[in-house]
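Here's a quick briefing to read alongside the model. Keep the structure open while you go through the points.

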Number of protein chains: 6
Amino acid sequence: MNDFDVITGREIGVGHNFSRRVATRFQDVNDLPDDIKTAILGVQEKAGFIPNVFLVLARRPDEFRAFFAYHDALMNREGLTQAEKEMIIVATSANNDCLYCVVAHGAVLRIRAKNALIADQVAINYRKADISDRHKAMLDFALKVSNDAGVLGDADFETLRSHGFKDEEIWDIAGITAFFGLSNRMANLTAMRPNDEFYAMGR
Amino acid sequence: MNDFDVITGREIGVGHNFSRRVATRFQDVNDLPDDIKTAILGVQEKAGFIPNVFLVLARRPDEFRAFFAYHDALMNREGLTQAEKEMIIVATSANNDCLYCVVAHGAVLRIRAKNALIADQVAINYRKADISDRHKAMLDFALKVSNDAGVLGDADFETLRSHGFKDEEIWDIAGITAFFGLSNRMANLTAMRPNDEFYAMGR
Amino acid sequence: MNDFDVITGREIGVGHNFSRRVATRFQDVNDLPDDIKTAILGVQEKAGFIPNVFLVLARRPDEFRAFFAYHDALMNREGLTQAEKEMIIVATSANNDCLYCVVAHGAVLRIRAKNALIADQVAINYRKADISDRHKAMLDFALKVSNDAGVLGDADFETLRSHGFKDEEIWDIAGITAFFGLSNRMANLTAMRPNDEFYAMGR
Amino acid sequence: MNDFDVITGREIGVGHNFSRRVATRFQDVNDLPDDIKTAILGVQEKAGFIPNVFLVLARRPDEFRAFFAYHDALMNREGLTQAEKEMIIVATSANNDCLYCVVAHGAVLRIRAKNALIADQVAINYRKADISDRHKAMLDFALKVSNDAGVLGDADFETLRSHGFKDEEIWDIAGITAFFGLSNRMANLTAMRPNDEFYAMGR
Amino acid sequence: MNDFDVITGREIGVGHNFSRRVATRFQDVNDLPDDIKTAILGVQEKAGFIPNVFLVLARRPDEFRAFFAYHDALMNREGLTQAEKEMIIVATSANNDCLYCVVAHGAVLRIRAKNALIADQVAINYRKADISDRHKAMLDFALKVSNDAGVLGDADFETLRSHGFKDEEIWDIAGITAFFGLSNRMANLTAMRPNDEFYAMGR
Amino acid sequence: MNDFDVITGREIGVGHNFSRRVATRFQDVNDLPDDIKTAILGVQEKAGFIPNVFLVLARRPDEFRAFFAYHDALMNREGLTQAEKEMIIVATSANNDCLYCVVAHGAVLRIRAKNALIADQVAINYRKADISDRHKAMLDFALKVSNDAGVLGDADFETLRSHGFKDEEIWDIAGITAFFGLSNRMANLTAMRPNDEFYAMGR
């Protein structure tokens, strides 16, 4: 077995070795287009393993390409720091009961924030986390976008502005929340599993 | 004033002519990249007007491109009918209190289903709509993906299969729900307005 | 078949002609008392058709008489405008998932407000509707009466007074909300169908 | 001071004697029409005191007349027993946080059921009350009508029929729930106070 | 049959005499340790009957001892008055749908407050009760501890301090709420029945 | 500074060293009774540090003693395994947004289950955790006890029995849930902080 086997899913979901499992639904992936195979092998080389989100979403190449293009458009923008973006992802994904996103992005948050404790704090109760009031206001807004966007009003914008957020950053907070809301739902649909490697990263 | 003026937003939100307004937040759009301008003018030529979602999202070209690539990947797939896809959009967008998406996709649903009444029925209470039990099960599942994806289980898949849905169609239902959940949140963030033209289309 | 047939329900729920259907439960109506028959024929002459709520509630003449007496007492009062009263009905009926009331009173709202768009806006998300802040405060209060009347307090009255509402008008808002809350529940109990004619009226 | 003073509200809300207070909002009632005065004095003669709901609603004679006509139409019907009707009122009014209705109809329930304990049981948690499974099913349905009528379906009717309820009785359960839902909202709007006499009746 | 029979549960749940029943689950209690038997007989001598909570929890002597030690630590402290403590218990137990605790502590509240009406008012809607604004703020806080303790913040403490509560009393409010939250859950688990004697005490 | 300083709280909440902080409210602890000091030093010797719950609750010696007596009565019982008990604590504490309990008992769960991944899985979405259906049923029941104990019925007991749980074990599940519900509320009241040591234990 080699990387190609893994990518094409021949090893997925086999046996009792939970750590190799990718998802409990939609497990079989057939031959992948070259660009997706190349993208996945690139991630593997950089991270040392292939995050399962790549393997699960690769089932649908067009959606895969759009998903990661959207992801990159939001995550590569200037404005919010990488740690701030990951805090938003972890807090809203926990609120959406998404195991994959909390574990995977919790790892990234610990690394970006250089803080071994922050991910668990933000996931479980960000109001009790060792973060600034500015960041708590950012997460209050993200949770409101996630849970009740229909009542968003000018007062919500004013609150964020009073904490120094610019309008483009407000869009970023909402955009990341909305995009990972999509991701959370796809992960829960597919029962996507976090790779074992994520749990201990950055601790 | 010409189309270009509209696209670049110079006319957006001006005066009391609600029907020209696009959004009450993030109203200014500057020069657009050529590919986005071309895309928008193409839609205008086909529809007779520019749906506001294009103008609002054009503020961020990379996200615009990814958004519509994702949209097309889901909406152009074989499997579910166009009317079924629009029913999912209307039901979940109503649940998310998204005025833009209910009005715009309600119009498309009426046209696709050749049914002047179905959009209002699905938006307000799909359980009382003149649709089949199969479609009610489809919408039950979509609402569950939208509101509580963390509890999705094998029994939900079995219910859909008993109504004849294939696994790829189940992914489609969830994918459309998840994608328009993103769209609903961005529309509520920006206070995106449905174009006046949508309200009466297909009635 | 003539009007009398319709009133006595002999044609109700027959065949696939949805537009003739009144309700999917409690469909049979027997001979009606003269005063109710006269009332219904009067409405038919004025509207051109018999709104289904008359046929469904006619099953119980005493409740029918009290229902419309209550309706008229609230709707014929001076104070709130007819458009304001219909906005309250549409917003709270949407919140109660009542297809009949949203479609029927949405039609009346469009006519009373001489506005083709307002009913859909108020039904889906009144916070995004093209209405004044005063009317949004009116609907905030109506929704609170509908969903959580037990926490109503003096501050709620003060908010409405600051928008110029008098105490009798506050009673009107709550009374209309409470009465149509009753109506919504009876319509959902009986699976009352909006007449097809309502959907396009006033657009 | 005499009865007429009480009826016209001159004594209402005066002093610290809570037991005389009727409501903390909309307290003043002016001269009453003769038919309403007669009705109220009739109740007083029968009950020994004037239940505050009469005084509060008398502020609006037309609504008063319709309210009690509706009340009588439902409560005087054959079918459900008086105790069953009062159980429905107490359970749904408690769910709606309505102090007046729980206390006043709790008294009536104790008397009708000849059971000193049943009202508190039904108000606090009817699932733990000393009532039959049939009555628990009746109250399950009433609560569903009260809280989520939009999802009522044929299965709910089947459940009630399996417990021996006829269709007209199902209408009664829902009608009483819907009517007292109106009453609960008006009582909470007006901060209507239960008369002190009710608390101990039937214990 | 004698007291000992009752304590050991031999008479529990027998026959149709509801008033003797203790719980519908976990009904059998075997021989009790001497200290618990002594404690129970002491309560019986003082109250004239054995509150069922003693018999139900006696099933597990170690938990029994800790439960009542915790109870006494909170209830015997100086600070809040006995009536205030009972108001907290009644309001939060009603919110937790706990029949036993509302009925039993409602009786104690009536006695402690020397007020025959207060228990029903606090149980059904404390916002409408004849209590001070200070006590309403106390119960607002207790309900927040009960329903959503994760969002408690400094502002909640400030509100209570503005009503004159000291920090130790704030702990008392929360501690009593938390402890009776445990008690409410155990009572609902065991279907613990209030003794008939409680219903009329203090009226 | 020595252990005694820590115990008496002189070092608590001082400076920016978050890891030494115990709670952000009720921070000062005065001299402790000897039995509590001895108990705390015993824990310190065994664990290598003093879990903050001991320092926070030591503020009230009588409640401290009852709390740990109750804790020990439940946690030292035969029946459920230690890992099962910790799963219940982690799942319900996460549901109650209790940072302290999830982090501290997550550590214990990893150790008891000899599984580095299980605590995060159970905290975020136990339905997706690598645990048996029997354990998912156990946690379904625990969450129901935590969130809606008033609707517990015989069917819930039957479900657990079908998974092999005995009645005493059902009491254990509910008892642990109820007791840690108390603990969760006290931790959120006091803003109790998990010791830094817990986060990485057992990974």
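The two copies, chain A and chain B, meet through the same surface, because 98% of the interface residues of chain A are also interface residues in chain B; contact here means heavy atoms within 4.5 Å. This is a predicted model, so local features need pLDDT of at least 70 and side-chain atom pairs count only at pLDDT 80 or more, while totals for chains, interfaces and linings use all residues. As for bookkeeping, residues are numbered from 1 along each chain as its sequence is written, chains are lettered from A and ligands numbered from 1 in the order in which they are written, and side-chain values use heavy atoms, with hydrogens and water left out.

**Symmetry**
- Rotate chain A by 180° with 0.0 Å of shift along the axis and it lands on chain B with an RMSD of 0.0 Å (least squares on C-alpha atoms of residues with pLDDT of at least 70 in both).
- That is how a two-fold axis relates its copies.
- In chain A, Ala66(A) has the C-alpha nearest the axis, 2.5 Å from it.

**Size of the A–B contact**
- Chain A puts in 42 residues and chain B 41 residues.
- Together they bury about 3,800 Å², 65% of it on carbon and sulfur atoms (buried area is the accessible area, 1.4 Å probe, that two parts lose on being put together, summed over both).
- On the chain A side, Arg60(A), Tyr70(A) and Trp171(A) lose the most area to chain B, together 23% of what that side buries.

- Arg59(A) and Glu168(B) form a salt bridge, at 2.6 Å from N to O.
- Helices (DSSP runs of H or I, at least four residues, numbered from the N terminus) that each supply at least two residues of the chain A side include H3 (52-57), H4 (61-75) and H10 (167-190).
- H10(A) gives the most to that side, with 15 residues.

**Positive phi in loops elsewhere**
- Lys114(C) has phi near 50°, positive though the residue is not glycine, and sits in the loop between helix H6 (99-113) and helix H7 (118-125) of chain C.
- Lys114(C) counts as exposed because its relative accessibility is 77% (buried is under 20%, exposed over 50%, partly exposed in between; 1.4 Å probe, protein chains only).
- Asp97(D), also not a glycine, has a positive phi of about 55° and counts as partly exposed at 24% relative accessibility.

Technical notes
Salt bridge = Lys/Arg side-chain N within 4 Å of Asp/Glu carboxyl O.
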